[in-house]
There are 2 protein chains.
Amino acid sequence: MKRNKEETKDKIIDAVGRLLAEGGFRKLGVNAVAREADVDKVLIYRYFGGMPELLRAFGVSGDFWPTFEELTGGDLEGLRRKPLPQAASTVLHNFARALRSRPLTSEILAWETVERNELTEVLEKVREDSAVRLLEELSPVAEESGVDIAAITALLGAAIMYLVVRSRHVKVFNAVDIGSEDGWLRLEAAMTAICEACIGE
Amino acid sequence: MKRNKEETKDKIIDAVGRLLAEGGFRKLGVNAVAREADVDKVLIYRYFGGMPELLRAFGVSGDFWPTFEELTGGDLEGLRRKPLPQAASTVLHNFARALRSRPLTSEILAWETVERNELTEVLEKVREDSAVRLLEELSPVAEESGVDIAAITALLGAAIMYLVVRSRHVKVFNAVDIGSEDGWLRLEAAMTAICEACIGE
DNA sequence: AAGAGTAGTCACCAAAGGGTGACATGTCAA
DNA sequence: TTGACATGTCACCCTTTGGTGACTACTCTT
């Protein structure tokens, strides 16, 4: 048997990702990970300390949350020049697409509603930072326009998260086909309509 | 020991509710329920068949989903007379309040995102019926007004579910305090604004 | 009052989970 | 080449879980 600590650690972390992707958190445990990684479970304790720490290591090992660039479309200046409604709407579209392209993130998001653990904490932290930065960069404008921008974007952001999570198992929600591109186009259009009608002032 | 089958069955079902309320689904199992109900677990198999069937029995034993009356405020006619935006907004407010007053439902809703089981199926069925009926009763109007009412209400409904579920563990979302009445008033106001600005035509 | 059938008890099983101590073997420096 | 240490293996432990067979004892009918 070849021996290589770092390689083994990677094998273990990869196994976490695979298990998470295919079966969610329920099947995740020391034994299962060891089996999947084809590694003795004692190594998980030796290298990481235990399951919580392994989860944390997994959490920082991948890009589970959309980057700032991804949300802004990589063009912050261009976005700033747009009227706020369009800018907001663009960010929301990007957000939805970014989440939909990250099955592992959906899984974590789902689990987050049920139980908090080291992994969900990592994700939560990254997310908060991202949200705060976005708000700061993008809406120094319009604090006193009478519309509660935070509340509106909270609603739309929450909706996106829920629908992405839900679409993993169920394909229709309130007569909208959240399992298809078409359905999401409808949702994007609705978000745009809401932004333009409500955020403008 | 007094002997009474029906009473024992009730004790078991009550235990499910208590376990669910305090610890969610993770702690739910034959052994745990038997322990909590202070009953031998073999009775669970004898009386219900097993955990899935017990969950189903639990599911039909309580009012886990807002009734039609609760959503409409008990006054369908009055609601029908209102303009659609106001009506929609009222229903959404009622929906949010109804969910928030049902901790067990939040728990089931949360679990639903992670795994489907007999309980979530029961809830899902009731919910579908409710949603369909609402749509039929309330918006025979305005099919071709250019706005995608289904998409908009899908977004707002999804947002409510997510925020209710999330507020069990985390108290702030996107700078909105979803743990307090005030926060929810802000959200309700935002929903009203959205309905009035977007559904009107 | 007696017996039948049911409600409840007890003891057990196999499987799976988390966790650990002791051993074997590969790797690398002296 | 020889050790020393780090890497990997193996064999256990205990607890919990789902699930079942066999027994006891209550209740109700006749």
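**Charged pairs and ring pairs in a predicted model**

The side chains of E137(A) and R80(A) form a salt bridge, with N and O 2.6 Å apart. E137(A) sits in helix α9 (residues 118-138) of chain A and R80(A) in helix α6 of chain A, so this pair ties together parts 57 residues apart in sequence. A salt bridge here is a side-chain nitrogen of Lys or Arg within 4 Å of a carboxyl oxygen of Asp or Glu. Helices (H or I, at least four residues) and strands (E, at least two) are DSSP runs, numbered from the N terminus. Side chains of opposite charge can pair when their charged atoms come close.

This is a predicted model: local features need pLDDT of at least 70, side-chain atom pairs count only at pLDDT 80 or more, and totals for chains, interfaces and linings use all residues. Residues are numbered from 1 along each chain as its sequence is written, chains are lettered from A and ligands numbered from 1 in the order in which they are written, and side-chain values use heavy atoms, with hydrogens and water left out.

R80(A) also meets E77(A) in a salt bridge, at 3.1 Å from N to O. Both residues lie in helix α6 (residues 76-81) of chain A, three residues apart, about one turn of the helix. How accessible are these side chains? Buried means under 20% relative accessible area, exposed over 50%, and partly exposed in between (1.4 Å probe, protein chains only). E77(A) is partly exposed at 44%, R80(A) is partly exposed at 38%, and E137(A) is partly exposed at 22%.

Now look between the chains. D148(A) and R186(B) meet in a salt bridge of 2.6 Å, N to O. The pair crosses from the loop between α9 and α10 (149-166) of chain A to helix α11 (residues 181-198) of chain B. Shared partners also join E112(A), R116(A), E124(A), R127(A) and R166(B) into one salt-bridge network. The count over all chains is 37 salt bridges.

Next, the rings. The whole structure holds nine aromatic pairs over all chains. Rings of Phe, Tyr and Trp (its six-membered ring) pair if their centres lie within 6.5 Å; planes under 30 degrees apart count as stacked, over 60 as edge-to-face and the rest as tilted. F58(B) and F64(B) form a tilted pair, 5.1 Å centre to centre, with 45° between the planes. F58(B) is buried at 4%, and F64(B) is buried at 10%. F25(A), W111(A), F25(B) and W111(B) form one aromatic cluster.
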